[in-house]
Amino acid sequence: MGWFENYFEFDRHGTDMKTEILAGLTTFMTMAYILFVNPSILSDAMGKEAFNSLVAVTALSAGFATILMGLYAKKPFALAPGMGLNAYFAYSVVIGMGYDWRVALAAVFVEGLIFIVLSVTKVRSAIIHAIPLSQKYAVGAGIGLFLTFIGLNDVGLLTAVVNDSGVLQFTGLNASALANGDILLFFFGLFLAMVLIALRVKGSLLISIITTSVIGWITGVAPWPEHLFSTPDISYTFMQMDLQGLLNVGALGVVFAFFMVDFFDTLGTVTGLSAKAGFITKDGKVPDAEKVLLTDAIGTTVGAVLGTSTVTTYIESAAGIEEGGRTGMTALVTGLLFLGIGLFIAPLAQAIPAFATAPALVIVGYYMLSAIKDVNFADHTEAIPAFLVLITIPYTYSIADGIGIGFISYTILKLFSGRRDEIHPLMYALSIIFLAYFAYLGGAF
């Protein structure tokens, strides 16, 4: 144990082995749904015969990237194929635009290579450091609302869906579901977590998830695990990238879209999680940002080789951070669980129902929302763009869209308020890039 404690600098971060392991378990339990949601989405584009390979590939890519994050970047951030990005891959690029899924994998692969170059040259981290503190705090708070929304939607409390074009359709409270067993167990898990948190019980989110799951199994609301072990097989998707298929203008546009969404989703997630963990320095920088971003880029590239859509840093890592995880040991535990459970005991993770993990997402959303208190609301040029980020992220179901609206509005307000000296030069470039991005999404070119 001594080696781990020294390598991850437990004393400097005020943590210990028990806390880090518990945090890693919590992050994994909150993220385990991706082992089954990602294959379900991608198999719509790749064919149902790809499902078994996609389960193994999801576990492998998440486990590899998360362990790399722990050992190399030494941060408590977990990675996996990104939600939203997988939907864009399947429903927009393959089904909507008609590209073969192998061409889409090649686009993800090229995007990952571009990210590696940007990370190695420190361009990507320079962009993060150029972002105003108010925007970083607003992104963290917006992600909190986003997490809450995901939790409520996953359990069926809200009637909201993302259509085949990736557009969120929200129709309000699903009152008819309030008497359902899974909704009642969701509220049980939520109140259990709230009470445990109020009593300052360590591992409150994990206790809530496990207790609620067991009750759901016993009462028959959710099925017991049917099997304990499964055999991994990645033969269907491994090394299936069609790089030649990218040699046309339309496919290059796909690479651009993947690039934009992944870049700024990751940027928002990393800054938001860093703010929550207390990593951001007084001058607004994220320590070791280059290592974090390079890990993310390598994860995307390896994921494409294995056969999955973009691998990215997960906002659910906030669950482990809230449990006290502050070092790469948290990520190491999460990554090993992905490999262990995802590859060999997948049915057990599948048996964890949404109503058991949704309360954790809601509670983490509450915690992350607290970052908004650090925004200076007396300065309208800081507060208004922060507010726009806060509301845009959950209501568009997109971290990238929220960041774009925030950057553009921040730059415009500062510029027309006669405070252009407060605008980092990179913010002009980022605002222009986002204007082009929104124009692309709107079909302007």
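I took a cavity to be a set of points, on a 1 Å grid over the protein atoms alone, where a 1.4 Å probe fits but cannot get out. Points join across faces, edges and corners, and a volume is the space filled by probe spheres set on the points. The model is predicted: local features need pLDDT of at least 70, side-chain atom pairs count only at pLDDT 80 or more, and totals for chains, interfaces and linings use all residues. Residues are numbered from 1 along each chain as its sequence is written, and side-chain values use heavy atoms, with hydrogens and water left out.

**Cavity**

How many cavities of 30 Å³ or more are there? I count one. For the largest cavity I noted a volume of about 30 Å³. Lining residues have an atom within 4 Å of a point. Here they are Ile131, Gln135, Lys136, Val139, Leu267, Thr271, Ile403 and Phe407. Two or more of the lining residues come from each of α9 (133–154), α12 (249–277) and α19 (399–416). Helices are DSSP runs of H or I, at least four residues, numbered from the N terminus. Helix α9 gives the most, three residues.

**Second largest pocket**

A pocket is an open set with protein on both sides within 12 Å along at least five of seven lines. The second largest pocket holds about 230 Å³ of space. I found 11 lining residues, with Ile197, Arg200, Val201, Glu322 and Tyr367 the closest to its centre. Helices α10 (181–198) and α11 (204–219) each supply at least two residues of this lining.
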